[in-house]
Amino acid sequence: MKKWILSLSMSFIATCSLAAVVEAPEVIVKNVSRDVLDIIKKNDKEPLKARDLVDARVAPLADYNRMTMLAVGRYWKTATPEQQQALTREFRTMLVRTYLSALSIYKNAQVDVKGTRPGNDANEMAVRTEVSLPGQKPIPLDFSFEKTDAGWKTYDIAVDGISFINNNRNQFNAIIRKDGIDGLIKQLSDRNNVQRNASK
C-alpha cells in the first residue's frame, strides 16, 4: 500500500502547481487530491486517457528540477547541464509512470488534510495528511512545499516518515558510483521505455 501511496502522492505533487500561485499549500493538497481521484474513478477503464489527463496537470507543477537535484545529491554538481536536463526529464517520467501504474487500482482512497507545520525557513511549509483505504489503517503522508516566484511548489513527500527524495538518493548514488551519471540516465530511460511500451 505504501508504494501506491507514494505513487498517488506524486500525482498530487504533479497536480498542485496550477493552483499554487493563489492557494495555500493545504488547500492545494485538498483540492488536488479530490481532482486526481475523480480522474481515476471516471477513467478507470482507460488508463492511457487517465495518464494523459493527470499528466496534463503535471507540467507546470512540482519543482522537478529541485527534486532531481536533491535525489542525485552531491553528484548533481558534477553533472553537465545536458546531463542535468536528461536526469530531470527521466526523473519526472519515472514519477509519472510510477503513480499511474498504481492509481487505477486504488481509486477508492481518501486523503484527509491533518494540518501544516513550518519548514526550515519562512518560505517552506509541510502539509500533513492521512491516506485511507476501506478496511486499512491510515498512513501518514507529508508534502514539503517551497514558496517560489511562481507560487507554492512541492519538492518532496514522505510516506510514513520516509522521504521520497532520500529513498531515491540512496539508489541513485549507488548507480552513479558503479556506472556514472550517464549510467543512471540510461537506467532511468530504459525503465521508462519498458513501461511506456507495456502500456501501449
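Are Phe91 and Phe164 buried or exposed? Select both to start the tour. Phe91 is buried, and Phe164 is buried too. Keep in mind that this is a predicted model.

**Stop 1: Phe91 and Phe164.** The structure holds two aromatic pairs. Phe91 and Phe164 make up one of them, with ring centres 6.1 Å apart and 45° between the planes. That geometry is tilted. Now colour the helices. Phe91 belongs to helix H5 (residues 81-103), and Phe164 to helix H6 (residues 164-198). The pair links distant parts of the chain, 73 residues apart.

Stop 2: Keep Phe91 selected. Its ring centre lies 5.9 Å from that of Phe172. The planes meet at 80°, so this pair is edge-to-face; the cut-off for that class is over 60 degrees. Phe172 sits in helix H6, 81 residues from Phe91 in helix H5. Both Phe91 and Phe172 are buried. Show the three rings together: Phe91, Phe164 and Phe172 form one aromatic cluster.

**Stop 3: the nonpolar core.** The largest nonpolar core has 41 residues. Met67, Phe91 and Phe172 touch the most other members. Elements giving two or more residues to this core include helix H2 (25-42), helix H4 (64-72) and H5. Strands S2 (124-132), S3 (139-148) and S4 (151-159) are also among them, as is H6. H6 gives the most, with nine residues. In soluble globular proteins, nonpolar side chains tend to be buried together.

**Stop 4: Arg66 and Tyr155.** Finish with a charge and a ring. Select Arg66 and Tyr155. The charged end of Arg66 sits over the Tyr155 ring, 3.7 Å from the ring's centre.

Definitions and conventions
Residues are numbered from 1 along each chain as its sequence is written. This is a predicted model: local features need pLDDT of at least 70, side-chain atom pairs count only at pLDDT 80 or more; totals for chains, interfaces and linings use all residues. Side-chain values use heavy atoms; hydrogens and water are left out. Rings of Phe, Tyr and Trp (its six-membered ring) pair if their centres lie within 6.5 Å; planes under 30 degrees apart count as stacked, over 60 as edge-to-face and the rest as tilted. Helices (H or I, at least four residues) and strands (E, at least two) are DSSP runs, numbered from the N terminus. Buried means under 20% relative accessible area, exposed over 50%, partly exposed in between (1.4 Å probe, protein chains only). A charge sits over a ring if NZ of Lys or CZ of Arg is within 6 Å of the ring centre and within 35 degrees of the ring normal. A nonpolar core is a set of buried Ala, Val, Leu, Ile, Met, Phe, Trp, Tyr and Cys residues joined through side-chain atoms within 4.5 Å.
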